[in-house]
There are 2 protein chains.
Amino acid sequence: MTWVPGAAGSGYGVEHLPYGVFGYGADGEHVGVRIGDRALPLDRLEQAGLLDAGGVFSPDGGRMASLNPFLAAGPDVWAAVRDRLTELLTDPAYRDRVEPLLVPVADIRPRLPFAVADYVDFYSSEHHAGNVGQIFRPGQPPLPPNWRHLPIGYHGRAGTVVVSGTEVRRPCGQRRPPGAGQPVYGPSVRLDIEAEVGFVVGVPTALGTRVTADDFARHVFGVVLLNDWSARDIQAWEYQPLGPFLGKSFATSISAWVTPLAALSAARVPAPPQDPPVLDYLRESERFTYDLSLEVEWNGTVVSRPPFATLYWTPAQQLAHMTVNGASLRTGDLYASGTVSGPSRDQTGSFLELSWGGTEPVTLSDGSQRTFLEDGDTVTIRAAAPGPQGTTISFGEVTGRIATAR
Amino acid sequence: MTWVPGAAGSGYGVEHLPYGVFGYGADGEHVGVRIGDRALPLDRLEQAGLLDAGGVFSPDGGRMASLNPFLAAGPDVWAAVRDRLTELLTDPAYRDRVEPLLVPVADIRPRLPFAVADYVDFYSSEHHAGNVGQIFRPGQPPLPPNWRHLPIGYHGRAGTVVVSGTEVRRPCGQRRPPGAGQPVYGPSVRLDIEAEVGFVVGVPTALGTRVTADDFARHVFGVVLLNDWSARDIQAWEYQPLGPFLGKSFATSISAWVTPLAALSAARVPAPPQDPPVLDYLRESERFTYDLSLEVEWNGTVVSRPPFATLYWTPAQQLAHMTVNGASLRTGDLYASGTVSGPSRDQTGSFLELSWGGTEPVTLSDGSQRTFLEDGDTVTIRAAAPGPQGTTISFGEVTGRIATAR
């Protein structure tokens with residue numbers, strides 16, 4: 001139990017301790033952990049002689065704070081820092097020295113928590129892939145023939161991954177209107193979200209080597225929520241034969257706080273069975289996933305509750321697949337689950353599915369109706385997971401508001 | 001005319017001056033330019049008081065040399081440094097002070113010349129796209145319906161871009177053998193190349209803005225040769241519906257020397273006409289490309305001579321398309337032309353095309369036959385372009401040898 005007032009039971013108790021990067025006052029940037037409605041700058045803790053992490057939290061004097069040096073340091077350092085922070089935030093003997101360092105979360109300016117190296121997006125929800133298949137390719141089998149054999153994925157644009165709260169400008173581009181022979185240019189008229197869970201790689205690998213599914217926790221540090229904004233009309237016209245490009249690359253939002261895997265030990269649950277059996281390199285000694293309950297809020301109305309644990313391919317399998325060809329990992333690599341959709345309509349992670357291709361509008365609590373996003377709309381994705389001893393782990397939200405096309 | 005012995009007429013005369021990063025002796029790393037068979041370390045030139053570029057060539061004392069600070073500095077600095085280097089290497093008055101700084105290219109250890117931010121690969125050769133369509137989708141129209149309306153592209157893996165000379169290990173992965181119902185796991189049996197030209201972005205942009213085709217030279221610094229190694233069997237099984245992933249992500253090789261656009265003024269030629277007319281955002285005030293003649297050498301035999309100037313989409317159009325949705329650019333972004341193939345078989349930039357899907361083997365000069373790459377094979381791509389006053393610009397080669405799968 002932490003001595004920080006109000007933290008216990010807040011979803012950000014001492015059993016959670018997610019990491020982020022933020023500015024505060026005129027004070028430069030800090031790497032910190034969140035506890036309740038406070039943030040604790042870890043460079044300050046080091047300067048106060050209360051934490052020794054080899055300087056990973058203030059690599060260049062705090063001018064450009066980034067989680068990357070800590071991510072690269074590996075599981076032993078991750079565990080040691082977490083143990084020490086737990087001690088400092090629970091033992092009342094430290095309260096006098098640590099409490100003055102806490103800053104209100106309400107006053108910080110969140111930054112992108114880590115420098116994104118490569119960004120990969122998977123397509124691992126059977127319900128999502130099946131829904132998309134039915135909407136885009138009616139009359140054909142909903143899943144492509146390879147879908148149950150490998151976790152389909154592709155590379156996205158790392159340079160346009162932005163932190164929660166960043167405004168998202170409606171993209172312009174080419175689309176071919178229904179029935180038209182020629183494409184037209186203009187703002188997307190089918191702007192959508194994809195509610196996803198992202199995994200953050202800490203420990204890199206050498207080119208030509210691979211990572212097994214069982215080595216997942218030796219390389220992956222933690223978890224963010226992710227909104228893979230998608231312009232469906234741009235995407236539909238461009239994606240054959242080489243996949244999504246400008247329909248996705250204008251923005252991908254992630255939560256400001258990275259939840260370490262260590263905070264999710266109580267959230268581990270068995271993953272769904274797989275049929276047909278997978279090839280050996282995708283086998284897991286213990287097949288598990290995480291029980292994360294997502295919530296999608298559209299202008300204040302909760303429109304969907306996607307269940308992460310229903311995904312067919314696990315994050316460990318995704319990692320094994322991504323590296324089976326010898327592709328190296330870098331610190332800061334980010335890979336996302338793909339849209340999380342459960343079996344029922346109110347569990348879908350995209351508005352494409354929620355409105356069934358734009359044919360069945362959704363009614364929000366103010367009485368307005370929506371199929372795709374309108375200018376000024378705000379979407380917020382949250383998630384919760386079971387923590388130890390009946391606590392709850394709340395994921396830092398990922399939110400964004402749509403600005404008018406330029 | 002340069003005073004450096006042997007440089008004139010070598011393809012690396014003073015009209016060229018490509019940039020690279022290399023190690024030399026026990027001496028750390030340097031950014032340098034190549035002149036003839038010598039390299040000139042630019043940090044040394046700065047230390048000798050002969051060049052003032054604001055420290056961009058030795059940002060951290062040479063421990064981790066990178067072109068990125070220079071790339072970010074923009075066209076005025078690019079031009080000023082080039083002018084000064086031209087002066088130093090042509091005016092005999094400087095010879096006594098500069099010549100001792102030159103090191104033999106034969107003795108340097110080339111490094112990746114810049115930190116790759118995002119890597120995008122286009123698909124802009126009509127001949128290549130048509131050939132691939134005929135090979136993979138016989139009986140269907142060879143070009144997808146969007147092909148003449150937009151430069152199709154996708155994101156590749158930036159973290160596995162390697163410098164010329166790096167060994168390329170044959171990737172393992174899933175493939176579905178012809179006629180088989182189920183996939184198998186193992187080393188790729190259809191390992192291929194793609195001969196391409198890459199463009200290196202220097203000046204970044206803000207998210208939500210776009211770059212017009214006419215602003216190409218305000219953002220793009222220079223050109224590399226690129227080999228987009230491709231495992232055709234892995235790619236064929238995985239690429240529907242989200243595009244190539246593991247069939248490409250194991251390695252992409254680039255030349256060690258970046259040729260600045262400024263060296264290619266004499267190589268500018270009109271680009272092929274486009275029909276149907278393109279949308280406004282893809283129009284160019286002056287439609288041009290570069291007259292680069294590529295050469296693909298397989299175990300010492302030149303098997304193909306792909307002509308870059310035949311590409312349907314120009315690098316300026318690719319840049320305008322890539323940013324039309326507001327996607328930002330970062331210093332170090334790399335985008336490649338896609339496989340360069342001309343109209344005839346001996347101008348194709350992939351072995352898939354050269355052997356027509358593996359059905360028509362190629363005979364090398366030692367009498368051996370090939371369809372796809374065998375272990376131990378070496379592929380080297382070179383290129384030449386017209387320089388000023390009848391000179392030739394030789395592109396630093398991109399070469400790689402295939403190592404046995406692990």
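In the predicted model, B:N325 touches A:P171, A:C172, A:L246, A:S249 and A:F250, where contact means heavy atoms within 4.5 Å and residues up to four places away in sequence are not counted. B:N325 is placed in the loop between helix 8 and strand 22 of chain B; helices (H or I, at least four residues) and strands (E, at least two) are DSSP runs numbered from the N terminus. With a relative accessible area of 4%, B:N325 is buried (under 20% relative accessible area, with exposed over 50% and partly exposed in between; 1.4 Å probe, protein chains only). A polar atom of the B:N325 side chain lies 2.8 Å from the backbone oxygen of A:L246, and the side chain also reaches the backbone nitrogen of B:A327 at 3.0 Å.

Residues are numbered from 1 along each chain as its sequence is written, with chains lettered from A and ligands numbered from 1 in the order in which they are written. Local features of this predicted model need pLDDT of at least 70, side-chain atom pairs count only at pLDDT 80 or more, and totals for chains, interfaces and linings use all residues, while side-chain values use heavy atoms, with hydrogens and water left out.

Helix 8 of chain B (residues 315–323) is mostly covered, nine of its nine residues being buried. These buried residues pack against several elements of chain B, including strand 13 (195–201), helix 6 (216–219) and strand 14 (220–227).

Chain A is superposed on chain B by a rotation of 180° with 0.0 Å of shift along its axis (RMSD 0.0 Å), fitted by least squares on the C-alpha atoms of residues with pLDDT of at least 70 in both. The two copies are thus related as by a two-fold rotation axis. In chain A, the C-alpha of A:G243 is nearest the axis, 2.0 Å from it. The same surface serves both copies, as 100% of the contact residues of chain A recur in chain B.

A:R137 lies in the loop between helix 5 (126–136) and strand 7 (153–156) of chain A. A:R137 is buried yet has no salt bridge (a side-chain nitrogen of Lys or Arg within 4 Å of a carboxyl oxygen of Asp or Glu). The nearest side chain of opposite charge, A:E194, is 11 Å away; Lys and Arg count as positive and Asp and Glu as negative, with His and the chain ends not counted. The side chain of A:R137 does make a polar contact with that of A:Y239 at 3.2 Å (a pair of N or O atoms within 3.5 Å; within protein, one must be able to donate a hydrogen and the other to accept it, and residues adjacent in sequence count only if both atoms are side-chain atoms). Among the residues that A:R137 touches is B:P241.
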